[in-house]
Amino acid sequence: MRTRVTDMFGIELPIFAFSHCRDVVAAVSRAGGMGVLGALYFTPEELEMELKWIDDHVDGKPYGVDVVMPASYEGADFAPEELVGRLQSMIPDGHRAFVEDLLAKHGVPPLSSDSDHGRVLLGWTDATARPQVEVALRHPIALLANALGPPPADVVDLAHSHGVKVAALASTPRHALKQVEVGVDVVVAQGTEAGGHTGEISTMVLIPQVVDAVDVPVLAAGGIGNGRQMAAGMALGAEGVWTGSIWLTVEEADTPEMARQRILEATSRDTVRSRSWTGKPARLLKNEWTEAWESEESPGTLPMPMQFMLVSDALRRIGRSDVSELATFPAGQIIGIMNQVRSTKDVVFGLVEEYAEALERLDRITGD
């Protein structure tokens with residue numbers, strides 16, 4: 001398969017795989033696509049270790065790193081050294097009480113020690129993502145992606161100075177144009193079906209709009225889980241696909257077992273766009289956690305990054321308990337067809353085989 005993105009990165013397949021798991025990233029790149037490691041949950045020191053491991057296990061194949069540098073968020077004008085303290089002081093006591101009451105109602109135990117606390121901000125801001133960018137650019141990455149809005153122009157220039165291409169996700173044609181204006185090389189057109197932060201326009205509608213709006217290569221994202229959907233994205237003008245949720249249940253994934261089982265059992269109606277995770281709309285597994293934040297008792301969600309700061313310890317407590325009714329997880333609507341555990345390599349090759357079958361089907365329809 002050959003498109004502008006395969007030529008741009010020297011890869012065999014225009015399949016990009018976003019994952020927080022280094023094993024998945026390396027496996028996809030070795031299989032001919034491009035794995036992209038989500039840096040959000042790692043400290044700079046942890047990210048250094050993860051990328052060193054990928055360097056040693058990717059067989060010299062290209063891979064990427066995804067960071068979160070939102071264009072707007074609460075506290076953007078605060079000094080970096082004051083950011084956490086000032087934002088913490090802005091979280092209302094009523095919101096803290098609501099979270100504690102919700103956990104108590106479901107019998108979620110506290111964290112075991114003070115050392116378990118403290119990951120309240122991670123890479124949700126420009127200030128906390130820049131150290132991750134610095135770490136990433138010390139490694140032989142081929143792509144730096146920004147998951148939320150156009151990346152800062154100076155970060156784009158810095159990546160280019162290291163010979164690294166830049167991608168950014170867009171949920172509207174207007175967002176795509178803003179990203180091209182700051183110099184991104186690839187636009188990921190992500191429809192509302194996707195997991196994590198996403199807009200309101202469906203993939204089928206969004207992709208041709210973005211393709212028509214920009215002159216850089218476009219990747220189709222949102223509900224891409226098999227070769228037929230990949231073929232549809234390419235038919236709409238995309239030059240590759242950006243995938244995420246389909247890697248949550250592969251053998252190599254480090255998805256918590258409780259979340260993995262819920263994903264395997266879920267239908268495509270079992271996700272919802274909710275602000276309960278970060279303060280911005282993100283598609284999550286639907287459950288009593290997401291419903292509680294929409295209830296009459298809810299105090300409402302807080303702006304990014306304060307919402308995640310509010311709930312970060314709660315999410316860790318839920319993850320370490322067996323309270324499955326509160327266990328939420330970013331996941332797209334494609335989970336409705338994800339009902340078995342497969343190896344990463346099998347998923348990649350399955351995408352290619354199904355893509356070829358879809359093209360053959362079209363050839364039969366249009367042939368003489």
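The structure, which is a predicted model, holds 6 aromatic pairs. In one of them, the ring centres of Phe98 and Trp293 lie 4.9 Å apart and the ring planes stand at 70 degrees, and because planes over 60 degrees apart count as edge-to-face, this pair is given that label. The two partners come from distant parts of the chain, 195 residues apart, with Phe98 in helix α5 (residues 93-105) and Trp293 in helix α12 (residues 288-293). Phe98 and Trp293 are both buried. Elsewhere, ring pairs join Phe9, Phe16 and Trp242 into a cluster, while a contact of another kind places the charged end of Arg86 over the ring of Phe78, 3.8 Å from the ring centre.

The sheet of this model is a closed barrel of 8 strands, in the order β1-β2-β3-β4-β5-β6-β8-β9, with parallel pairing. Neighbouring strands of this sheet are turned against each other by 25 degrees on average, direction ignored. Helix α8 (residues 173-181) packs on the sheet, where it touches β5 (165-170) and β6 (186-190), and the direction of α8 makes about 160 degrees with that of β5. Together, β5, α8 and β6 make a right-handed β-α-β unit.

On one side of the pairing, β5 and β6 run parallel and are joined by 4 bridges, with Ala167 standing opposite Val186 in β6. Strand β6 also pairs with β8 in the parallel sense over 4 bridges, and here the bridge partner of Val188 is Leu219 in β8.

How many of the residues of β6 are buried? The count is 5 of 5. In a regular strand the side chains alternate between the two faces of the sheet. In β6 both faces are covered, with Val186, Val188 and Gln190 buried on one side and Val187 and Ala189 buried on the other.

A last stop is Glu12, which is found in the loop between α1 (4-9) and β1 (15-19). Leaving aside residues up to four places away in sequence, Glu12 touches Met1, Thr6, Gly32 and Lys61. Asp157, by comparison, is 145 residues from Glu12 in sequence and 27 Å from Glu12 in space, C-alpha to C-alpha.

Technical notes. Residues are numbered from 1 along each chain as its sequence is written. This is a predicted model: local features need pLDDT of at least 70, side-chain atom pairs count only at pLDDT 80 or more; totals for chains, interfaces and linings use all residues. Side-chain values use heavy atoms; hydrogens and water are left out. Two strands pair if DSSP finds at least two bridges between them. Helices (H or I, at least four residues) and strands (E, at least two) are DSSP runs, numbered from the N terminus. Axes are lines fitted to C-alpha atoms, for helices over the stretch in contact, and angles run from 0 to 180 degrees between N-to-C directions. Contact means heavy atoms within 4.5 Å. Rings of Phe, Tyr and Trp (its six-membered ring) pair if their centres lie within 6.5 Å; planes under 30 degrees apart count as stacked, over 60 as edge-to-face and the rest as tilted. Buried means under 20% relative accessible area, exposed over 50%, partly exposed in between (1.4 Å probe, protein chains only). A charge sits over a ring if NZ of Lys or CZ of Arg is within 6 Å of the ring centre and within 35 degrees of the ring normal. A crossover is right-handed if, with the strands pointing away from the viewer, the path from the first strand over the helix to the second runs clockwise.
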